[in-house]
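Let's take a walk through this structure, one stop at a time. Have the sequence and the 3D view ready.

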Amino acid sequence: MLALIAVMAVFVTACEKDIVYEKTRLFRPVLGSQLEAIENKIEVNLGNIKEATSYTLEVSRDSFNVVDYQFEIDTSYFLIDENLLGEELLYNTLYQIRATAHAADPQYDSRAADLGAVRTERFPSILNLPKINDVIDTKAKVTWAIAGAAVTGVKTFSSEDLRLTTPLASYDVSPNDQTAGETIIDGLEPDSKYQIAIYSGDKLRGWVDYETLVAGVDPNAGNVIDLSDNEDPDALASAVLAAGDGMIVLLKKGVTYNFPTERLDKSITIKGAYGFEENKAAMFTTGNWNVAEGAKIDHIVFDDIELMGEDIGGDYVFNINNSGDATIINELRFENCILHDFRGVMRLRSDVFVKNYTISNSIVRDIGGYGVFTCDTDGDDKAAIDNVIFQNSTFYRVNTFLSTRQSVQSFLIDGCTVNQVAATGQRVFRFRGKEGKSDVVNGLTISNTIWGHGWDSSESGDLSVQLIGGGLEATSFNIVNTWGTSDFQAREGTEMAGFPALNYSGEASNLWLDPYNGDFNIQDNGFGGRFDAGDPRWRAKL
């Protein structure tokens, strides 16, 4: 019996050895470790595929719409460098890489595998990256660390001339500028991209990308009052009083002007002139500006201005309380502004109507109980705002975000960073009008935004807020790609449907570099919204 079992076992084993499985493609290549750039070389470490005889690698800068390099290699670890390609990779450039594994029989080659992207390092350089104030429309400030041979020349190149072969212009660096480590070049085209390089004799010492601003306001144009050389604090008030309807007042960068005191009765644009100074042109008040009763104003625009009050207890940008003939402002816009230390940015009371209210590319901080706007009068045909847009802006340390006794027609918050809004237990969205007057008629949209916790100004340890502090019962909410930090908390009964759309597992202090001092650069590289959420100025860059 035992002999029979042994014979059967041998038979079965023999049969198993004869089973032949159908041969299939090789598995797609994977990385044994992450792609790494060493200067302008890329280190690739593929997980070894035993059956692979070689690999084809493709390298691209535009997600393989165009393949810059294609080569075959018979090892799983290698450097993509000049020896392999015949020329150097570009510095400070994002490359995408994909690989195909080859079998002895080509029909079993793997499919192509995307291995990811990596940015080569910046050229080792004494040249500094440009700060936000180092470039205007036709000029650029170029700065460097003083080390080694003196910097004797600067050259500009097209943004497309990636290997710096054909300079557009050359500039000598004076001995004084060599000593200072900075020089200013001019003759640039507005709204254009350049590469600017520095040299010691013929030796390249580094280069960096610059992008000029759109053409500035012509100070000699007929619709401009030019104060860009005037440092008198009261010059703005005189200029506005003298301006015709629709004129532009150009203020000197780095200078603080007093708010006008006369009631505004005309369209006006107040704009900061271009310059290399660090601080914006500024406007200061210990009170507020007002608008003439019955005025019909097409636009009031603040562009590249810092607006500041004395404190958050009593000052406003506008505090309009008219009666009788309606005051109508078609557009009130803050563009690329900093607003701070106000009780409220705009408070509207009787018979004042703003059709379109926009805050764009701005920072709003340290605002008191009247918030970013307040419409403060009940009843028909009183104070109201029709359409609100807050876009690509940052709001922090705000006691009450907004309050209105009238409905708003449309409301968009897009690409914003919001933290410490509102104070503990206070209201974020307070729609407090009578029945039929406490909604956003066409819906509230919050998109591509990051929302942190409330403002615990008393240090009680309570970060919760009333997200909906009244009204909005008939409002539709469209919440898209909007994140809330783990320490955001809406008090029970004040939640907003669908808000936030996404949850970040860390606290505000984990996400942002220094949010309590106004630095909202994203420090958590694992945050899913780091490339497409929040104020764009703070987002991570590939």
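Which residues does D109 touch, not counting residues up to four places away in sequence? The answer is R25, L26, A101, H102 and A103, where contact means heavy atoms within 4.5 Å. Before going on, a word on what you're looking at: this is a predicted model, so local features need pLDDT of at least 70 and side-chain atom pairs count only at pLDDT 80 or more, while totals for chains, interfaces and linings use all residues. Residues are numbered from 1 along each chain as its sequence is written, and side-chain values use heavy atoms, with hydrogens and water left out.

Back to D109, which sits in the loop between strand 6 (94-102) and strand 7 (113-119). Helices (H or I, at least four residues) and strands (E, at least two) are DSSP runs, numbered from the N terminus. D109 is buried yet has no salt bridge. Buried means under 20% relative accessible area, exposed over 50%, and partly exposed in between (1.4 Å probe, protein chains only). A salt bridge is a side-chain nitrogen of Lys or Arg within 4 Å of a carboxyl oxygen of Asp or Glu. For D109, the nearest side chain of opposite charge is R25, 6.8 Å away; here Lys and Arg count as positive and Asp and Glu as negative, with His and the chain ends not counted.

Other charged residues do pair up. By the salt-bridge rule the count comes to 17. One of them joins the side chains of E231 and K252, at 2.7 Å from N to O. That pair links distant parts of the chain, 21 residues apart: E231 is in the loop between strand 14 (224-227) and helix 4 (235-242), and K252 is in the loop between strand 15 (247-251) and strand 16 (256-258). E231 is partly exposed, at 49% relative accessibility.

R491 and D462 make another salt bridge, their closest N and O atoms being 2.9 Å apart. R491 lies in the loop between strand 37 (483-484) and strand 38 (502-503) and D462 in the loop between strand 34 (450-451) and strand 35 (466-468), so this pair ties together parts that are 29 residues apart in sequence. R491 is partly exposed at 32%, and D462 is partly exposed at 27%.

Then there's D535 with R537, whose closest N and O atoms are 2.7 Å apart. D535 is buried, with a relative accessible area of 2%, whereas R537 is partly exposed at 34%.

Now for some strands. Strand 19 (residues 296-303) is mostly covered, with 6 of its 8 residues buried. Strand 17 (residues 268-272) runs parallel to strand 19, joined by 4 bridges; two strands pair if DSSP finds at least two bridges between them. T269 has V301 of strand 19 as its bridge partner. Strand 19 also runs parallel to strand 22 (residues 327-335), with 7 bridges joining them, and I297 stands opposite I329 in strand 22.

Last stop: L84, in helix 2 (residues 82-85). L84 is partly exposed, at 30% relative accessibility. Leaving aside neighbours within four places in sequence, L84 is in contact with F71, I73, F78 and L79. L84 and E72 are 12 residues apart in sequence and 9.7 Å apart in space, C-alpha to C-alpha.
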